[in-house]
Amino acid sequence: MLSLGADGVEITHEALLYAWPRLRQWIDADRAGLRGRQRLVEAADAWEKADRDPALLYRGAQLELALDWLDIRRGERVESEDHGMHGTHRTHGTHRVHRAEGAHGGRGNHQGRQDRQGRGEQEDLREKGRSGARDRSNDRKQNRDGANGGAPGGQPPAATPERRFLDASVAHQQAEAAAARRRTRRLRRLVSALSALSLLTGAATAFALFQRSAALAERDVSAAQVAVDHAERLRQADPSQAMKLSLAAYRLVRTPATRGALLASSGSVFSTPAGGHRWSVNRLAFTARPGRTSGDELLVSAGDEGTVHTTDVRDPARPLRTAVITEPQPGTRSAVTPDGRLLATGGDDATVRVRDLRSGHALLLTLPTGTPVTALALSPDGRGLAAGGKDGSVRTWRLDGARTRPAARADRGHTAPVTALAYRPDGAVLASASDDCTVRLWRTAPGGGAPRPAAVLEGHRAQVRTVAFSPDGKLLASGSFDRTVRLTPVADPGDPSWGRELTGHQGLVNSVAFRGDGRQLASAADDQTTRLWDVPSGRAVLTLPQPNPVRSVAYGNGGRTLATGDDEGRRLLWHLPPPVLLGPPGGAPAVHTVPGGRLLAATGGDGSVPLWRTAAGGPGGETPVAVLRGYTGAVTGLDSDASGRLLATGGDDGTVCLWDLRDPRRPARLARIDRHRNMVYAVALGADGRLLVTAGEDRRARVWDVSDPRRPVLLSTLTRHTDRINGVALGGPGDRTLVTAGGDYQARVWDLRDPRRPVLRATLPHPNQVNRVALAPGGRFLATTNDDRRVRLWDLARIGGGAPAPVTRPVAVLVGHREAAREVAFSPDGGTLVTTGDDRTAQLWSLADIRRPVVLTALPGHTGPVTGAAFSPDGRTLVTAGTEGTVRFWSHDTAAVVRRICALDGPGFDRAEWAEHFPGQRYRRSCP
């Protein structure tokens, strides 16, 4: 049954298993362990045969099961040793009992309990070992290292293949675990690095996008500023191009500078190009369109290259050229009848051609002159034709349908080439101008005979280049190379009186034309300007700058369009009326917008105060309403109450007048105040119309009760100023603040809650005399102008309620004027400030941050110091007045300016123009 070997006892017959129950029980109790042992032996054997291939080692759960079995075996061995017992070890293929140091005795119940106790303790050890893979592996290594070489209790000996296989598996698994942990750590570090890199990349991308946006925005701002600067330079040479450029810059980016440039454009007259000639445009005329017997919607122009263009200008913003007539010789001169029926042309070929414009420009007549034609004129009825020659002659024809009477040459003509001809509207008088510096008047013969000399005008000092009769025939305008225009009364052509001379041009005057109502005259000159003159007064109303010398000019469309032609062949259509009024002449004018009735009042040096009713659609449609008179000198100040029913005016004769404007067409003077001993420079009415403050040269400011404007009552007199008082300002509704500005370098703030006892609250020192003051809406901020060219803003909230003390620090100082600053006014919303100066400009300032005002633009156009400025009650219009006697209008509404430019210019810049002015910028349409 048993055989004794060198190191153990082997079972040689299975009968022993049945004969020895205890042995049978042991085997049955460890059957799973035996199978695991068997698989372990097989795996170890295969591993040894495969040269210990790591791929054959135990891993994972398989290794865990083998190690668990090994731990159980070791636990049983330890328990046996504690009780002096020897364990058994089962081998593959046979059952082997190892020799032990002590005898092997039977085990009873006590031993079974000990075995179960030992297994429970071993289970506790295993549970603790599972708390950490590293501690468990170390414990197992210590357990294996602590086993003796015989490994009693069923453990594989340290030197056996099984033991080597398990050790290699454990070591390999530990190495893989360590590698996995290293990979995990590397992966975590990589993920962390990638996450950080992703965050950095995102941040860098966001920053780059921000930087790109900032760079693009900065590029846009820079490009817009360049355009604004260019527009400012163009405004005095090509205002229409400046308007288009300002709008394009505003569309590109909206900054204070682009907004200011757009607002500055509102004071210019826009012109539309009407095509052009290749050479100089020597003649322009408006006539009726084909199919009409009256009107002035067809523009006829002649060019020195020998062509005549006809252009339909019913819509002056979109002129349409209808025909081009080519003459055989250059130097073409032309004339057209007012009804648009006949066109006469002539030139260097000494021939006059008469065409019918109503029948396809058919040639009706060819008339030889014997000398190059230098001037042409057709009588208003189309029956008379006159031609001036290079030899100084004047020839006339009587046109009677297809028949023409032979030319009649005027005797005793000019001694130099004839430069211009003009018929009086009734056709009875012909005027001729010549290079002999004279203008001659001729009486025409009704039957077509030779014209008879009536008078010779010799006032010009150089060649006379142009003549034109007024619509009523009573005035003759002539322009000369002596840079003057003369207006000569010719009601009696045989005895003309000495005319008025209009000066201002800095170049040769080439052309003149009357407006249809005869109240305005246009003159074109080599100084690259066209000037508009007020005929009754002889004063210049407006100057239209152009890029080239201007050769010809004409009014059309009922005076709403002015056409000009220059020596480069360009024709322009100017859209009238201009945003300019002619105010009273002389003095230091002021303007005031009267609330409620859309009234405008202006002062001047002639003692009058004209009133206009402003147009509802904006500047350009003002109509005179009335003129206030009663002063013997200049009117220097004016103001109204909030209702617009009461107006106060002050003059340099020392008087103040109160006017009732309830019916603006029939204003009535209510009272006259003459308590000042010298000139009155400033007046201010309270918003409720109950208080009036007057001040002037006598260093006094007087406070009046005008609750009954027919009987003003003096309440108090302020005597703190030591020099004249130049300006006063009263607070708005509910605000009893009064500010006075003096020539003693002081502005003083007063409390008028008790107007009989005004209280001085503060003194505001200045380095020079204070000219004007204005309180912002709400009454907190004050603006003062000064002869030191600066404008100062003061915060009245800093003034305490105690004894008066000087406030030495303004919240802001505005530096912009090059000469003394004069008038100042806040817009109704307090967001914009306008200042004027002796430098001939008004300046607009943005008060979005009142402590850091930003200049929007300088408003040019006045030819003298600008002394008056006022916003309209709705804040949409600004009005300025200059000492040259003009009142100019500016829009304070950017949307309105955009609408106006787009209505006149259509889409604005095309892509080529945009690329020229904004290279590298994405194209943007200026208008929808």
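Is arginine 711 buried or exposed? I looked this up and found arginine 711 exposed, with a relative accessible area of 59%. I use buried for under 20% relative accessible area, exposed for over 50% and partly exposed for in between, with a 1.4 Å probe and protein chains only.

I note that the model is predicted, so local features need pLDDT of at least 70 and side-chain atom pairs count only at pLDDT 80 or more, while totals for chains, interfaces and linings use all residues. Residues are numbered from 1 along each chain as its sequence is written, and side-chain values use heavy atoms, with hydrogens and water left out.

Salt bridges. I took a salt bridge as a side-chain nitrogen of Lys or Arg within 4 Å of a carboxyl oxygen of Asp or Glu. The count by this rule is 41.

I then checked the partner of arginine 711, which is aspartate 708, at 3.0 Å from N to O. Aspartate 708 is partly exposed, at 32% relative accessibility.

I looked at aspartate 754 and found a salt bridge to arginine 757, with the closest N and O atoms 3.3 Å apart. Aspartate 754 is partly exposed at 32%, whereas arginine 757 is exposed at 58%.

I also looked up aspartate 905 and lysine 244, which meet in a salt bridge of 3.7 Å, N to O. Aspartate 905 is in helix α10 (residues 894–905) and lysine 244 in helix α8 (residues 239–252), so the pair ties together parts 661 residues apart in sequence. Helices (H or I, at least four residues) and strands (E, at least two) are DSSP runs, numbered from the N terminus. Aspartate 905 counts as buried at 19% relative accessibility, and lysine 244 is buried at 15%.

I found Glu327, Asp349, Arg353 and Arg355 linked in a network of salt bridges.

Core. I took a nonpolar core as a set of buried Ala, Val, Leu, Ile, Met, Phe, Trp, Tyr and Cys residues joined through side-chain atoms within 4.5 Å. The largest has 23 residues, and Leu247, Leu262, Val834, Leu844, Leu859 and Leu878 have the most contacts inside it. The elements that give two or more residues to this core are α8, α9 (256–265), β58 (842–846), β59 (854–859), β60 (866–871) and α10. Helix α10 gives the most, with five residues.

Helix α7. I ended with arginine 189, which is placed in helix α7 (residues 161–234). Arginine 189 counts as exposed, at 52% relative accessibility.
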